[in-house]
Amino acid sequence: MSADISDVTRAKHGRPVHHWRRDLVELAALFTAVAVADGVANLIGHGPDGPALLVISALVLAATAGFHTWWARHHGHAPPADDTGARPAAETRTAGPRERPDGPAGDVTGAGALWRMRTTVKDEPGSLAALCAALAERRVDILSLQTHPLADGTVDEFLLRAPGALVSAEITRAVARAGGESTWIERADAHDLVDAPTRVLGLAARTALDAAELPLALRQLLGRCTIRSLPGTPVGGDRGPEPVPVEGVLEDTVMRLRAPEGGVLTLERPYLPFTPTEFARARALVELDNRLGPRIPRGKDVLTLPEGNDITVRRVDIKDLPAAKAMHERCSPRTLGMRYHGPVGDADRYLLHLLSPRFGRTLAAQTASGRIVGLGHLLWDGDETEVALLIEDDWQQRGIGGELLGRLVAMAVEARCESVYAVTQASNTGMVAAMRGLGLPLDYQIEEGTLVITARLDAAPVAARPSHDTAQRHLGGPARRD
């Protein structure tokens with residue numbers, strides 16, 4: 001009975017429990033061994049070769065103890081699996097066709113690599129279990145799992161934690177042997193640890209607060225993809241894109257959705273086809289954006305310039321088109337040429353595109369009287385991000401351009417952009433100085449007088465950047481939030 005209780009206690013607490021009866025038996029055995037050793041020593045010690053035999057016996061015992069120590073260090077004393085209640089690493093449950101098995105018994109919660117993996121399996125009982133067993137054999141832990149039903153199978157999307165020494169090729173080979181097809185895998189990061197419903201709700205909340213968040217939300221929802229927003233009436237009077245039906249169009253690696261302003265939103269991911277589930281989620285986000293209409297955060301900051309003038313920095317959109325157009329009319333042809341790389345034939349249509357939250361975010365610097373004297377644009381250009389500045393002639397060389405640029409870069413960092421680029425002329429020393437003032441690694445490309453400066457954003461922490469919606473830098477004095 002006591003042995004049964006001991007086993008139960010060990011199963012509950014993971015360690016053996018000692019009892020007084022076992023201690024008494026061990027103590028009796030110790031006294032018996034001492035008595036036997038004393039008798040043997042007296043018998044041998046009084047013989048003619050007694051001392052030599054005792055020395056040889058001591059050497060044999062020392063060698064035996066050394067061998068036992070070596071063996072213990074190279075062979076653990078872990079109890080068998082059936083004694084601890086733990087299942088072998090490759091054991092999985094097969095109760096249902098889509099049921100997720102437990103992860104491997106080994107401890108992989110420490111140092112390891114996060115991976116996002118997607119593979120297609122047959123929608124039949126045991127297919128997922130075989131896949132999970134293959135991963136468990138390589139000590140790969142399944143952190144989350146999403147299923148995307150198809151007509152002839154199921155796409156399973158995993159978030160995995162694997163040992164650091166395990167490369168992606170080994171994982172994909174194991175998945176292929178377990179029946180997975182069209183497997184795609186890439187490194188993940190801490191942001192992917194959030195479960196899918198929470199992530200989708202968070203993206204919907206961001207989109208509801210700011211119309212400019214829609215392209216970013218779609219990119220975070222679908223992974224690396226190219227997003228292009230084509231207006232119904234392009235700048236320059238060209239023919240617009242072919243209209244799409246209200247329900248949108250899904251064609252393998254391309255989906256097209258009707259943009260709220262009447263244009264077309266095109267999403268392309270050449271390396272991985274979109275699933276109907278992803279298409280439905282993207283369409284729901286676009287529909288939410290359409291129902292809420294134009295909107296931007298209305299916060300603003302008042303900055304004091306070195307000469308004592310106050311400048312307000314705030315987000316602007318198409319409702320600020322008259323004030324932005326008036327600023328264009330006050331700018332010299334040289335300043336406009338530096339910004340647009342040529343004459344501006346129709347400022348209204350250019351600004352209508354630039355101020356639209358569908359294509360990016362725009363910050364304005366305005367005087368106390370409400371006159372706009374500077375514009376900074378952060379534009380979503382497919383899978384890249386462009387920054388652009390225009391400062392009125394009389395307000396140049398006062399630090400306004402650098403202030404706007406720093407805040408735009410902060411927005412790009414918060415949007416998890418890898419880099420931003422600016423297109424200007426080689427003679428535009430002000431823009432070059434502003435980009436260099438960011439303190440980021442810069443790449444320069446110049447061709448026929450056109451200069452493209454790319455700043456890599458992964459080299460500096462987000463906290464080091466000014467942001468329009470968080471703590472701000474200021475020019476000559478503290479910023480005031482209105």
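A residue counts as exposed when its relative accessible area is over 50%, as buried when under 20%, and as partly exposed in between. This structure is a predicted model. A search of the whole structure finds 18 salt bridges.

- The side chains of E287 and R291 form a salt bridge, at 3.0 Å from N to O.
- Both residues sit in helix α9 (residues 276-292). They are 4 residues apart, about one turn of the helix.
- R291 has a relative accessible area of 68%, so R291 is exposed.
- E287 has a relative accessibility of 34%, so E287 is partly exposed.

**Between distant parts of the chain: D301 and R407**
- D301 and R407 meet through their side chains in a salt bridge, at 3.2 Å from N to O.
- The pair links distant parts of the chain, 106 residues apart. D301 lies in strand β9 (residues 300-304), and R407 lies in helix α13 (residues 400-414).
- D301 and R407 are both buried.

**Between two strands: D443 and R456**
- A salt bridge joins the side chains of D443 and R456, at 3.5 Å from N to O.
- D443 is in strand β15 (residues 442-447) and R456 is in strand β16 (residues 450-456), so the pair ties together parts 13 residues apart in sequence.
- D443 is partly exposed, because its relative accessibility is 37%.
- R456 is partly exposed too, with a relative accessible area of 35%.

**A network**
- Salt bridges link R116, R118, E157, E186, R269 and E278 in a network.

Methods. Residues numbered from 1 in each chain as written. Predicted model: local features only at pLDDT ≥ 70, side-chain atom pairs only at ≥ 80, totals over all residues. Heavy atoms only, no water. Salt bridge = Lys/Arg side-chain N within 4 Å of Asp/Glu carboxyl O. Buried < 20%, exposed > 50% of the residue type's maximum accessible area, 1.4 Å probe, protein only.
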